Amino acid sequence: MALRVYNTLTREKEDFKPVNPDKVNMYLCGPTVYKPAHIGHMVGPVIFDTIKRFLVYSGYDVKFVINITDIDDKLINKANELGTTVEKLAKEMTEDYFENLATMGVDSVDLFPYATDHIQDMLDMISTLVKNGHAYPLDGDVYFAVEEDDDYGKLSRRNIDEMMAGTRIETSDKKRNPADFALWKKSKPNEPAWDSPWGPGRPGWHIECSAMSKKHLGETLDIHGGGLDLMFPHHENELAQSECCTGKPFTRYWLHNGLMQAGSSSGKVGGGHDRHGDLTEQKEAQEADKLSGSKGAASVKHLFEVHHPETVRFFLLATHYRSPIDFSDERIQETGKGLERFYRLFETYERVSGNSFYDLKASTTKANSVDLSGEPKAFFAELAQLRDRFWEAMEDDFNTGGAIGFLHDMIRLLNGFIAEQKLESEKTAAAIDALTTGMTLFKELSNILGVFTKPIEEEGADDGLANDLMELIIALRANARKEKQWAIADQIRDGLNALNIVLEDRPEKTSWKRG
RNA sequence: GGCGCCGUGGCCAAGUGGACUAAGGCAGUGGAUUGCAAAUCCACCAUUCGUGGGUUCGAAUCCCACCGGCGCCUCCA
């Protein structure tokens, strides 16, 4: 089966065929760095990070770019509000963004170009557009003329006339068509400005993506991603200006991820919001809620104080990328509960084999996937079948939710094998080898999702004293059990449970862990 | 008003014309195991996919209507 992707441009699932058969260029619209990232900002990066991992796994040479928009009206306003400079604010927020990406395990991005490093590239494009009649200067601004673009609106499927009927676009300014959008904006005093043929100013919102994607990935992108909210006007405008500039198709496959939604019962993660004052403030508060507040996280950082990042990543991937994700604390907690079964399998594997799951060397390409041709045949055949289904799910428009289902199936298969072979008590080299093969496959597949790539750090790492004490207690309880003094043994176990310590009696020895 | 999305078991969720007599998770029930537990395994848990029509040999999947939820249409990822 070949990879198929849903293309927003055609509204259909299509066979994936990049411009160059072996290479994939993908561009994801990054953030305007004017405020701390909230959970919604992580959806795209996590999904496209996973998409890149899968493409690389499938044998493609992938270049993945996320832009940083570090000049924009929102930045200017926010910086003024905070009494800082645009540069400082942008730098701070960019660092915040990078930190969050790293925490979420998004590490496949090849380049983060900055808008302010590409002003000349933007000016070049704008000049071309002015020259070929697709844009016109007006009092120091430069506007893109939507009427000069015959297929303007093809991505979001709207036409200019209907948009006018919407009445929400201001029709009072001097633009030729109210839908014309700014490529270049004349700067006011004390605003960041760059020289241009039309006087000092700054780029409009959309041009930076056109310029940077063209420079770093070429005139035709294979994949262009972003949140569904960006489809119009941002992507529509990018598309229009790029194609009018180069005369070539801008993007082969437009992939849009669904947006975070506030569950009615959510909102416990983020902080509360002040809701007093006049109407304007109320409106602002609503706007803030829409993006961050009751939607979940005041910031990603805050979210990570409550939930492990791996849980959050897994949570995001459990739903198909195009669907809206119903975000709530309870949902994530449930995800966390489900993950424990994965971690227990890893512990069990380490206990019976002496090897850490995290140290297993898994293949990073489909072509070199783990060899399942040997013995035991039945076990390997089931592994191979789950692997096939996992691949099929991922090839079907990156169905991570379905793929995760097969990972769960694989857990049961592996646990079943451990139980059936009695590996906790009777270790045979052949059986452990077979298990290791299975675990290696598991790692190979979970790596694609970017989960379980490294051990999760234990909270409040245990000092030696706690370990020694626990060993003593367990030894005492073992004696009691040997003497069949169940009351004492149970009293110890129950007492420890009350301290959030769980004992697990196994054939060889009793182990303990924090609950 | 325009463009578009969604509605699958108690909850989350995959599946979008035939292998669906609908994955998987959480919760729950019964059994195996255990001194009893925990963990693990096995079994059960939607004759049904918002409602009503229609197309088709065949529909959760396509069409129409309706009900319900939501997004965008002003520089939100």
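**View 1. Pro-113 sits in a loop between two helices.** In this predicted model, Pro-113 is found in the loop between helix H3 and helix H4 (119–131). Helices here are DSSP runs of H or I with at least four residues, strands are DSSP runs of E with at least two, and both are numbered from the N terminus. Is Pro-113 buried or exposed? At 4% relative accessibility, Pro-113 counts as buried. The cut-offs are under 20% relative accessible area for buried, over 50% for exposed, and in between for partly exposed, using a 1.4 Å probe and protein chains only. Leaving aside residues up to four places away in sequence, Pro-113 touches Val-65, Ile-66, Asn-67, Ile-68, His-118, Met-212 and His-216; a contact means heavy atoms within 4.5 Å. The C-alpha atoms of Pro-113 and Thr-69 are separated by 8.5 Å, although the two residues are 44 residues apart along the chain.

Before moving on, a word on how to read these legends. Residues are numbered from 1 along each chain as its sequence is written, and chains are lettered from A, with ligands numbered from 1, in the order in which they are written. Local features need pLDDT of at least 70 and side-chain atom pairs count only at pLDDT 80 or more, while totals for chains, interfaces and linings use all residues; side-chain values use heavy atoms, with hydrogens and water left out.

View 2. Chain A has 16 helices and 14 strands. Of its 515 residues, 50% are buried. Among contacts with a separation of 6 or more, 75% join residues 24 or more positions apart. The chain exposes about 24700 Å², and carbon and sulfur atoms supply 49% of that area. These areas come from the Shrake-Rupley method with a 1.4 Å probe, and for residues only the protein chains shown count as cover.

**View 3. Ser-187 is tucked into a loop between two strands.** Look for Ser-187 between strand E7 (181–186) and strand E8 (201–203). Ser-187 has 16% relative accessibility, so this residue counts as buried. Which residues does Ser-187 touch, not counting residues up to four places away in sequence? They are Pro-192, Ala-193, Pro-200, Gly-201 and Arg-202.

**View 4. Helix H10 is mostly covered.** This helix spans residues 309–317, and nine of its nine residues are buried. Here you can find Pro-309, Glu-310, Thr-311, Val-312, Arg-313, Phe-314, Phe-315, Leu-316 and Leu-317.

View 5. Side chains of opposite charge can pair when their charged atoms come close. A salt bridge is a side-chain nitrogen of Lys or Arg within 4 Å of a carboxyl oxygen of Asp or Glu, and the structure holds 31 of them. In one, Glu-95 pairs with Lys-91, with the closest N and O atoms 3.4 Å apart. Because they are four residues apart in helix H3 (residues 86–103), Glu-95 and Lys-91 are separated by about one helical turn. Glu-95 is partly exposed at 44% relative accessibility, while Lys-91 is exposed at 56%.

**View 6. Lys-427 and Glu-508 link two loops.** Their side chains meet in a salt bridge of 3.9 Å, N to O. Lys-427 lies between helix H13 (400–420) and helix H14 (429–449), and Glu-508 lies between strand E13 (501–505) and strand E14 (510–514), so the pair ties together parts that are 81 residues apart in sequence. Lys-427 is partly exposed, with a relative accessible area of 38%, whereas Glu-508 is exposed at 55% relative accessibility.

View 7. Leu-465, Leu-469, Leu-472 and Leu-476 form a nonpolar surface patch, with about 400 Å² of accessible area together. Patches are made of residues with over 30% relative accessible area and no salt bridge; like charges are joined within 9 Å, and nonpolar side chains (Val, Leu, Ile, Met, Phe, Trp, Tyr) within 5 Å. Leu-465 lies in helix H15 (residues 464–482) and is exposed, with a relative accessible area of 57%.
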